[in-house]
Amino acid sequence: MSKSLTRVRAALAAAQLRETIRETSDARTAQDAAAAIGCDVDQIAKSIIFARQDDGQAILFLTAGGNQVDLDAAAQVAGAQLGKADANAVRAQTGFAIGGVSPLGHLTPIRCFMDPRLTEFTEIWAAAGTPRHVFAVAPADLIRATNAQVVDFTS
């Protein structure tokens, strides 16, 4: 088992969330994950990482699979100018490779915002630390576990 998957499993347990990790053939994109799970694409919580331009600090935006982050709206809710976080910065701050960034189990604490669209479902799916693993969670439980602010930042 990969270190990333182990870290997500431990984070789920620490947050007292039911462990529902499922392995798929490929869950790199929201469409791939939804097809593998058999759910609506908007039930996939994409982990999009941007970096504050002043200090490089990563900020996590959990977005419904069919939505896109609007960079200006994201900067407004974060209260900072944002730029794309490169793969090395994402791995250094979260411990995950792009394509498998989980909303839980980061190496360092991360500020988190959640797309309100995700709250419209009883169950959503998120990356579990690898491009092939996902886990199911109730949106309210994910909000609690990530301390996410639910606010619109999509286009």
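**Strand pairing and pockets in a predicted model**

Strand β5 and strand β8 (residues 149-150) run parallel and are joined by two bridges; pairing here takes at least two DSSP bridges between two strands, and strands are DSSP runs of E with at least two residues, helices runs of H or I with at least four, numbered from the N terminus. Within this pair, Met114 stands opposite Val150 of β8. This is a predicted model, where local features need pLDDT of at least 70 and side-chain atom pairs pLDDT 80 or more, while totals for chains, interfaces and linings use all residues. Residues are numbered from 1 along each chain as its sequence is written, and side-chain values use heavy atoms, leaving out hydrogens and water.

Strand β5 (residues 111-114) also runs parallel to β3 (residues 58-64), with four bridges between them. Here Leu60 has Cys112 as its bridge partner.

As for open space, the largest pocket holds about 520 Å³. A pocket is an open set of points on a 1 Å grid over the protein atoms alone where a 1.4 Å probe fits, with protein on both sides within 12 Å along at least five of seven lines; lining residues have an atom within 4 Å of a point. Its volume is the space filled by probe spheres set on points joined across faces, edges and corners. Of its 27 lining residues, Arg28, Lys46, Ser47, Ile48 and Gly99 are the closest to the centre. Strand β2 gives the largest share of this lining, seven residues.

The second largest pocket comes to about 160 Å³. Its lining has 13 residues, with Pro103, Leu104, Gly105, Ala145 and Thr146 nearest the centre.
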